Amino acid sequence: MDREVFFLYAESQIHAGKGTDVGVVDSPIQRERTTNFPVIQGVKGSLRNSGFFGKDEEIQIFGSEPKSDETHPGGFAFSEAKILLFPVRNPEKVFVWVICPMVLKRFLRSMGKDIEIPEVSDDEKVITAESFTGDNIWLEELEFKVQKNSKLAQIVEILSDCGPDEYTRKKIKESKDIFIVSDSIFQKIVETMTEIVPRIKIDNTKGTVAELWYEEYLPQDTVMYFIVRKLNSSNSKNLVEKINGKLISIGGKETVGKGLAWIKKVES
């Protein structure tokens, strides 16, 4: 391979933090500077620490350790993980995923595909599959009019493969639980519908709360993607075989059960 794209499906909430902040949320997640869409830096580091590779193989793929006596460049470049599908509550379907034309276009471009994307010109409407029954859809507390479009079928077929199990793939493919919102609505959703979790530190001597802070998480069932590019003659087949279908820990808060995500190669 010269380049491969991988889904990253959140098995638990993910906190890839950017450090402390002075806002309401003390520990926000990483975001793009221009769009404020969520991203996850450190895909390379998480894979390196996954334990999937032997020591020699690890150096061939990721390069030598920073303080090694002999330096060896890595054989692959790993992008940051970018948002693809964002889960939101829905009273009839428990939850559905939303995506926007900008995100979808980026993802298809990374795959080298040129598929026509339905236009979402009205912020009060969302695009969904023709099989959807009803005229409206609730995304959390927001109600939208539905506009059905036959062009979504091919896109749903590609995206349904991100699911880590048959149930999830069926939820996407057959139930068509994906809705395309406008870029601006998507931006508002990923800014306001993340999970904010309070954490406390107990004073062991007094048995009282010594510290309270708030952390931001990407919800479980968030779908992201990342790109791996081959830089030299390293064996790319081994890399794909070792990470495809595997569960990794990414971001922080691993000891409290956060940051688990499934990796799956995107079939072109």
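1. Helices (H or I, at least four residues) and strands (E, at least two) are DSSP runs, numbered from the N terminus. By that count the protein chain holds seven helices and 14 strands. Its radius of gyration, taken over C-alpha atoms, is 20 Å, close to the 18 Å that the globule rule gives for 268 residues, so the chain is as compact as a globular protein of that length. The rule is 2.2 Å times the number of residues to the power 0.38.

2. This is a predicted model: local features need pLDDT of at least 70, side-chain atom pairs count only at pLDDT 80 or more, and totals for chains, interfaces and linings use all residues. Residues are numbered from 1 along each chain as its sequence is written, and side-chain values use heavy atoms, with hydrogens and water left out.

3. Confidence comes first. pLDDT is the predictor's confidence in each residue, from 0 to 100. The protein chain averages 89, and 99% of the residues score at least 70. Where pLDDT is low, the predicted coordinates should not be read in detail.

4. Next, overall dimensions and surface. The C-alpha trace spans about 65 × 60 × 35 Å along its principal axes. The chain exposes about 13900 Å², and carbon and sulfur atoms supply 47% of that area. Areas come from the Shrake-Rupley method with a 1.4 Å probe; for residues, only the protein chains shown count as cover.

5. Buried residues (under 20% relative accessible area; exposed is over 50%, partly exposed in between; 1.4 Å probe, protein chains only) make up 46% of the 268 residues. Contact means heavy atoms within 4.5 Å. Of the contacts with a separation of 6 or more, 65% join residues 24 or more positions apart.

6. A nonpolar core is a set of buried Ala, Val, Leu, Ile, Met, Phe, Trp, Tyr and Cys residues joined through side-chain atoms within 4.5 Å. The largest one has 76 residues, and L8, L84, F86, F107, L139 and F186 touch the most other members. Beyond four places in sequence, the contacts of F86 include W97, F186, I189, V190, M193 and L218.

7. Helix α6 (residues 183-192) buries I185, F186, I189 and V190. These four cover an arc of only 130° around the axis, which puts them on the same side of α6. The arc is that of the directions from the helix axis to the C-beta atoms. Their cover includes β4, β5 (94-99), α3 (101-111), β7 (136-139) and β8 (142-148).

8. Check two backbone angles. Most residues other than glycine have a negative phi. D221 is not a glycine, yet its phi is positive, about 80°. D221 sits in the loop between β11 (208-217) and β12 (223-230), and is buried at 16% relative accessible area. K253, also not a glycine, has a positive phi of about 65°. K253 lies in the loop between β13 (247-249) and β14 (260-265) and counts as partly exposed at 30%.

9. Q13 lies in the loop between β1 (3-10) and β2 (39-40). Q13 is buried, at 18% relative accessible area. Q13 and D221 are 208 residues apart in sequence, but 8.1 Å apart in space, C-alpha to C-alpha. Among the contacts of Q13 beyond four places in sequence are E195, Y217, P219, Q220 and K258.

10. E216 is in strand β11 and is buried, with a relative accessible area of 6%. Beyond four places in sequence, its contacts include H15, R31, E191 and E195.
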